[in-house]
Amino acid sequence: MISIYKKYHVAYWCIGILEIIGMVIANVILCKRNWYPAIPVTAVTIMLVLVDAFIFTRLTSRKFSKEVFPLFYNCQVHKFIDETNRLFKKKAKGPVVSMYNSIVARGYGSIDDYDSVYECCQKIKTKSYMSEYHRLMIEYYLKNDQLDKAQEEIEALRKLMEKMKNPKYIESCEDSIKNAEFYMRIQQGNYEGAEEHYQKQLETIKPLYPITEASYSHALGKLLFLKGEPERARKYLQVAIDLGGDTKYKKFAEELLQEISRKRDNVI
């Protein structure tokens with residue numbers, strides 16, 4: 001991952017090379033009579049190289065989180081996708097391939113490009129990113145009305161959650177499952193508990209990023225429309241439009257508002 005930012009990549013290699021040169025010099029000086037000193041010197045050097053990699057990986061991750069993820073959170077998803085692709089393409093190797101595809105797939109899902117989501121998911125192979133694979137595939141199958149397949153992915157995600165230790169990530173996965181389950185119930189005409197769930201999410205999620213608020217506002221507006229409460233739906237759909245930027249939430253909210261207006265005009 002370090003390679004996505006040139007200055008960190010150069011600094012990482014320079015420090016690593018200096019550490020190795022230092023090891024060679026130390027071994028030459030200390031190992032004139034016997035080779036035993038080479039063992040601790042080499043061990044210390046390996047540890048320093050690993051620390052070097054850890055530090056620059058953290059710095060890279062923080063820079064990406066600070067400069068790129070805000071584009072996604074603030075509903076500038078096309079810019080988020082373009083910047084992520086610019087940074088990672090041709091540089092992602094090994095486990096980073098899975099990380100990169102799980103990140104960019106979130107962007108594609110938010111603009112309703114589920115063909116690209118599926119394509120990205122096929123490149124997620126690393127065990128530590130399989131939970132993201134299942135979360136993304138749940139969305140993919142829901143989008144394509146393959147509810148049985150979506151349920152299979154939900155069960156697979158639940159099994160992985162049994163081994164998770166990060167409380168915040170577990171909560172995030174639980175929210176994904178709840179959202180999927182309510183979506184499936186609504187698709188089948190069962191609206192029970194859905195309004196309360198969406199309202200609770202809007203009231204309790206902290207921080208409530210624009211993309212999160214737009215997502216739940218659209219879901220709530222759509223639910224109220226389906227329940228035959230178009231005037232209540234308007235409020236939430238307008239929030240999704242105002243905050244939604246270039247996401248699917250704005251697009252779908254606009255379409256629903258237009259349908260509400262057409263039906264009202266026909267009645268009049």
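**A tour of salt bridges and a helix pair**

Select Glu229 and Arg232: they form a salt bridge with their closest N and O atoms 2.7 Å apart (a salt bridge is a side-chain nitrogen of Lys or Arg within 4 Å of a carboxyl oxygen of Asp or Glu). Glu229 is partly exposed at a relative accessible area of 24%, and Arg232 is partly exposed at 36% (buried is under 20% relative accessible area, exposed over 50%, partly exposed in between, with a 1.4 Å probe and protein chains only).

The model is predicted: local features need pLDDT of at least 70, side-chain atom pairs count only at pLDDT 80 or more, and totals for chains, interfaces and linings use all residues. Residues are numbered from 1 along each chain as its sequence is written, and side-chain values use heavy atoms, with hydrogens and water left out.

Searching the whole structure gives 13 salt bridges. For another of them, select Arg106 and Glu139, whose closest N and O atoms are 2.7 Å apart. This pair links distant parts of the chain, with Arg106 in helix 5 and Glu139 in helix 7 (residues 130–143), 33 residues apart (helices are DSSP runs of H or I, at least four residues, numbered from the N terminus). Glu139 is partly exposed, at 27% relative accessibility.

Go next to Lys143, which forms a salt bridge with Asp112, closest N and O atoms 3.0 Å apart. Lys143 lies in helix 7 and Asp112 in the loop between helix 5 and helix 6 (114–121), so the pair ties together parts 31 residues apart in sequence. Lys143 is partly exposed, at 39% relative accessibility.

Now select Ser102 in helix 5 (residues 95–110). Is Ser102 buried or exposed? Ser102 is buried, with a relative accessible area of 5%. A polar atom of the Ser102 side chain lies 2.8 Å from the backbone oxygen of Met99. Leaving out residues up to four places away in sequence, Ser102 touches Ile124, Tyr129, Glu132 and Leu136 (contact means heavy atoms within 4.5 Å).

Finish with helix 9 (residues 167–187) and helix 10 (residues 194–204), whose axes come within 10 Å and cross at roughly 150° (axes are lines fitted to C-alpha atoms over the stretch in contact, with angles from 0 to 180 degrees between N-to-C directions). To show the contact, select Asp175, Lys178, Asn179, Phe182, Tyr183 and Ile186 of helix 9 with Ala194, His197, Tyr198 and Gln201 of helix 10.

Technical notes: Helices (H or I, at least four residues) and strands (E, at least two) are DSSP runs, numbered from the N terminus. A polar contact is a pair of N or O atoms within 3.5 Å; within protein, one must be able to donate a hydrogen and the other to accept it, and residues adjacent in sequence count only if both atoms are side-chain atoms.
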